[in-house]
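Please keep the sequence and the structure in view while reading.

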Amino acid sequence: MLSVDEQLKVILSGTMQVVPLDELKKKLEKGVPLNIKLGVDPTSPDLHLGHAVPLRKMRQFQDLGHNVTLIIGNGTALIGDPSGRDSTRPPLTEEQVEANAQTYVAQAMKILDPERTKVVHNGDWIKPMTLDKMLGLMSKFNVARILEREDFHNRYTNGQSIALHEFIYPVLQAYDSVMVKADLEMGGNDQIFNLLAGRDLMRDMGMEPQVALTMPLLEGLDGHKKMSKSYHNYVGLTDEPADMYGKLMSIADEMVPRYFRLCSTLPVDEVDKIDAAFADGTADPYKLKRELARNIVDLYHGEGEGQKAEAAFDAQFKKNQVPDDIKEFPISLVQPNDEGKVYLAKLLADVEIAKSAGEGRRLIDGGGVKIDGKAVPAKSYNVDPTLFSPGCVLQSGKRHWARLV
């Protein structure tokens, strides 16, 4: 293993909190592999780069010689984690949880080393739990303290509903740490209460308490809101290579160092150099963005796929070529109105370039809509039907295309 200081340099890269840091140092000084815990509730079948941030940190622990335990929360997911929520999560069925879990593990193993990853399901010990066992666990927690956590406190003071079963969630997550004998538990920064609850319960049960390590939320492609499907600013781990590459090329220049640190496989020393280059103004953001996109595509699709995606990107955008795999739609969608014009805004929605005619109008006004490579002027909502013929191509921006056949 590397020295404690060398390990800490890697471990602390990109982290938000380590509580307490001195205990982590003492654990590392023992010179034996630690058991790193991450619990995930499979509430969605598909992961994005934001979900992958803690998984990347776990892989760094593995590369340092430590073991990881990935807990699939098929028990806790039936409650739903209240962390950061302003309302009770809608419950999932057991069938939904199990289906999502299979997909989650398959995607997680694109990041983790399967040989050093132990996958367990907390339903194995939560679902058979007897009433006396559950009451014994709950007796070790104080309701007043639970109400101090920010999300519960805000809901309570605002008169918003808090379901009684939500109080049980941190109890069960803490019990997971006892069951797997965690040395360190990871989570998002909104998880700090649950992670510290695990420390308390382990100590109460005569065990060496775990260290809590939190990771930041990754901003999405817009550079502001957290990455989320609901915000349409995400890069999915199962996105096609070309689409993944194209999305990453769209991030703002100032986000490049952060994405390198939280999402790429680049060594910490190399990421530090990129940070320094951005700080002193010597960085080439476009060149580094291409390196970042290649790295991430290779990570999720295999070595060499990033180079292929880059070549496709260059062919499409730098040489202005039409991509080979654009969707095709029947020319019969082109329907002149009573004035003999085609309502282009609706046609953009019909060919799935826009979600609605209203969005189609906004795209037109933004100046990014083209018909066979010719830009459509702003406010040109109704256009001449002679612009359309079999084989013509509609385009909005760099990634949205459709061919009429």
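## Packing of H11 against H14

In this predicted model, helix H11 (residues 241-248) packs with helix H14 (residues 285-301) at an angle of about 150°, and the axes of H11 and H14 lie 9 Å apart. The crossing in which H11 passes H14 is right-handed. On the side of H11 the contact is made by Pro241, Met244, Tyr245 and Leu248, while H14 contributes Lys289, Arg290, Ala293, Arg294, Ile296, Val297, Tyr300 and His301. Sorted by class, the residues in this contact of H11 with H14 are eight nonpolar, one polar and three charged.

An α-helix has 3.6 residues a turn, so residues three or four places apart point the same way. With that in mind, the reader may wish to look again at Pro241, Met244, Tyr245 and Leu248 on H11, which take part in the contact.

## The enclosed helix H12

How many of the eight residues of H12 are buried? Seven of them are, so H12 is largely enclosed by the rest of the structure. The buried residues of H12 are Val256, Pro257, Tyr259, Phe260, Arg261, Leu262 and Cys263, and they pack against H3, strand S6 (211-215), H11, helix H13 (268-280) and H14. Both partners of the packing described above, H11 and H14, are therefore among the elements against which the buried residues of H12 pack, in keeping with the enclosed setting of H12, seven of whose eight residues are buried.

Ile274, which has its place in helix H13, is likewise buried, with a relative accessible area of 7%. Leaving aside its neighbours within four places in sequence, Ile274 is in contact with Pro257, Phe260, Leu266 and Leu288; Pro257 and Phe260 are listed among the buried residues of H12. The C-alpha atoms of Ile274 and Arg258 are separated by 9.8 Å, and these two residues are 16 residues apart along the chain.

Rolling a probe the size of a water molecule over the atoms shows where empty space is left. A search of the whole structure finds one cavity of 30 Å³ or more, and the largest cavity has a volume of about 60 Å³. The lining of the largest cavity is made up of Ser13, Val53, Arg56, Lys57, Gln60, Met215, Arg261, Leu262 and Ser264. Helix H3 (49-63) and helix H12 (256-263) are the elements that give two or more residues to this lining, and H3 gives the most, with four residues.

By class, the lining residues of the largest cavity divide into three nonpolar, three polar and three charged.

## Arg155 and the protein as a whole

Arg155 has its place in helix H8 (residues 150-157). Is Arg155 buried or exposed? With a relative accessible area of 1%, Arg155 is buried. Arg155 and Arg294 are 139 residues apart in sequence, and their C-alpha atoms are 43 Å apart in space; Arg294 is one of the H14 residues in the contact with H11.

The protein has 17 helices and 13 strands, and its C-alpha trace spans about 80 × 50 × 35 Å along the principal axes. Of its 405 residues, 49% count as buried. Among contacts between residues at least 6 apart in sequence, 70% join residues at least 24 apart.

Terms used: Residues numbered from 1 in each chain as written. Predicted model: local features only at pLDDT ≥ 70, side-chain atom pairs only at ≥ 80, totals over all residues. Heavy atoms only, no water. Buried < 20%, exposed > 50% of the residue type's maximum accessible area, 1.4 Å probe, protein only. 1 Å grid on protein atoms, 1.4 Å probe; cavity = no way out; pocket = protein on both sides within 12 Å on 5 of 7 lines; lining within 4 Å. Points joined across faces, edges and corners; volume = space filled by probe spheres on them. Nonpolar A, V, L, I, M, F, W, Y, C, P; charged D, E, K, R; others polar. Axes fitted to C-alpha atoms, helices over the stretch in contact; angles between N-to-C directions. Left-handed = near helix turned anticlockwise from the far one by under 90°. Contact = heavy atoms within 4.5 Å.
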